[in-house]
Amino acid sequence: LIVDRPPIGMMRSLCVLAPLLLFVPSAHAFLSPLPLSGSAAGRSAFLSQPRLTSSPSFGAAPKGHRVAGQRGARGLLGAVGFDPDDILGRMRKPARGQEVPAAPPAPAPPRQEIPVQAPSEEKGELGEEEEREWGMFKLLTEGRWDGVWQTYSEMGDKESEVMAAVEMAPAPGNAEALMMAHELQPPGGGEVRRMPLAQLSPGKLGPFSVVGDGYLSGPSVLRSGAMSVEVCLRFGDGRVRVTFFHAPVWKKGQEQMGPPDGLKVYRVMVAREALRGTPPSFKTEEDAPPGENNPSFFRGVSPFKWHARWGGVSHTKGVTQGRGRWEVEELDETASWHGRPRGDDPNTWCLRLPGGVLVQCPHVVRPGVAETYRVAWLPTDERLQRIEARVIALKESEDGEDEEAVRLLPPAAIFSSFEAFQRLGNLPEVPELVDEEEYLRRFPPDAAL
């Protein structure tokens, strides 16, 4: 190999690096074309070459990480008295007579004027909708709610019953905010445990959404991966609060890998709470009747009480529709879902409880399908309240660069409604099948029409 007057620095570098080709792994990477420019752009291009990812790195390695070939290369170069960083720097220098003029700097992009909104005196103030919702939320929840919490399994069996309280009181140091806390009495007695949960303030209601005289909390994803949806109905000094829990499930015979095939109901918690100082019970209501405008949780309610003529108002809230209030002269048969406890969908999980409480939810939440959660309550024989929420979960995101990866959107509530109805009267006579003798007895032929 004949070289026409190579630079002295280049010859020294080649002489030092030649033995390394036999001992240092991937040392041949240093013979790949290097950028002639010593600019920052040239250095970054050199360090980011894909073909150099397996070559030894002479930079400082992160603590706990070892770079292949680093120890051997430094050991050999240190033995002959050369600094590896100095050698690498001299290799980047252009040879004599081959100086390449520096590339002109790239023109700076045209400066874009970003419109800045002028300071407004109203900045930081709540909108009319937020102020209204906060006022409704305070009216519905403020106070100490003592109640009985009952937990039911997927089969509808009652698993547990505890005395607990939910307290919504002004937060310390912030009279406009509410501090939410739970007080739980362990089964069998013991010390009452108090658990502060959250601080809510105007415009920061978290998962709560108020609609009419009720609210929706969630859907929320728990640490265990389960999803919870809570709905609440209030009447007078009492309320019924129902929390649904659904857990991920996969089809039978499939490995539990990847996104689940659905969310299956595994627990439902029903809370009967009141602002009475003590949890409601059959004995307390017998000793001190709640009154006409307050609910009676433990009275006997005939199933036929649901079937009547109802009329009143309906409050709705949707993602696209916004809020609305509707006058309902009389419910038709199709909208009277409270009279069909098993629901209209075979996927409906239902539970009818004493005191006039009907619970409906999806047995399995299907991916990307708007599922319906419903609770109906008869606080008195002349009053019917219903709440409904529609939730979408396990919906795949369409924004994704990796086609092999599956991204799921967080569950979201797209619609909720609250309805308060008054009893208008009994339903008209329902046709019944009778034999000829009974018919003639009721309607003799000579009777005047």
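Modeller: One term before we start. A polar contact is a pair of N or O atoms within 3.5 Å, and within protein one must be able to donate a hydrogen and the other to accept it. Also keep in mind that this is a predicted model.

Colleague: Okay. Where does that term come in?
Modeller: At Glu285, for one. A polar atom of the Glu285 side chain lies 3.2 Å from the backbone nitrogen of Phe298. The Glu285 side chain also makes a polar contact with the side chain of Ser296, at 3.1 Å.

Colleague: Which helix is Glu285 in?
Modeller: Helix H7, residues 282-287.

Colleague: Is Glu285 buried or exposed?
Modeller: Buried. Its relative accessibility is 8%, and the cut-off for buried is under 20%.

Colleague: What is Glu285 in contact with, beyond its neighbours within four places in sequence?
Modeller: Arg276, Pro280, Pro290, Pro295, Ser296, Phe297, Phe298 and Arg299.

Colleague: Let's zoom out. How many helices and strands are in the chain?
Modeller: Eight helices and 17 strands. The chain has 449 residues, and 36% of them are buried. It exposes about 28700 Å², with 55% of that supplied by carbon and sulfur atoms.

Colleague: What is the strand order in the open sheet?
Modeller: E11-E10-E17-E16-E15-E13-E12, seven strands with antiparallel pairing. E11 (322-328) and E12 (348-353) stand at the edges. Each has a single partner strand, so one side of each is left without a neighbour in the sheet. On average, neighbouring strands of this sheet are turned by 10° against each other, direction ignored.

Colleague: Over how many bridges do E16 and E17 pair?
Modeller: Over 10 bridges, in the antiparallel sense. E16 covers residues 383-392 and E17 covers 412-425. Take Arg386 as an example: its bridge partner in E17 is Glu419.

Colleague: Now the inside. How many residues are in the largest nonpolar core?
Modeller: It has 35 residues. Val231, Val242, Phe244 and Tyr373 have the most contacts inside it. Among the elements that give two or more residues to this core are strand E7 (227-235), strand E8 (238-249) and strand E15 (371-380). E16 and E17 from the sheet are also on that list.

Colleague: What does Phe244 touch?
Modeller: Leaving aside neighbours within four places in sequence, its contacts include Val231, Arg267, Val359, Cys361 and Tyr373.

Colleague: And what lies apart from that core?
Modeller: Another core, of 22 residues. Phe137, Val166, Leu178 and Val210 are among them.

Colleague: Let's switch to Glu273. Which strand is that in?
Modeller: Strand E9, residues 262-274. Glu273 counts as buried, at 0% relative accessibility.

Colleague: Which side chains make polar contacts with the Glu273 side chain?
Modeller: One is the side chain of Arg241, at 2.6 Å. Another is the side chain of Trp149, at 2.9 Å.

Colleague: How far apart along the chain are Glu273 and Val166?
Modeller: They are 107 residues apart, with their C-alpha atoms separated by 8.6 Å. For the chain overall, take contacts between residues at least 6 apart in sequence: 54% of them join residues at least 24 apart.

How values were computed
Residues numbered from 1 in each chain as written. Predicted model: local features only at pLDDT ≥ 70, side-chain atom pairs only at ≥ 80, totals over all residues. Heavy atoms only, no water. Pairing = 2+ DSSP bridges. Helix = DSSP H or I, 4+ residues; strand = E, 2+ residues; numbered from the N terminus. Axes fitted to C-alpha atoms, helices over the stretch in contact; angles between N-to-C directions. Buried < 20%, exposed > 50% of the residue type's maximum accessible area, 1.4 Å probe, protein only. Contact = heavy atoms within 4.5 Å. Areas by Shrake-Rupley, 256 points an atom, 1.4 Å probe, with all protein chains shown as cover. Core = buried A, V, L, I, M, F, W, Y, C linked by side-chain atoms within 4.5 Å.
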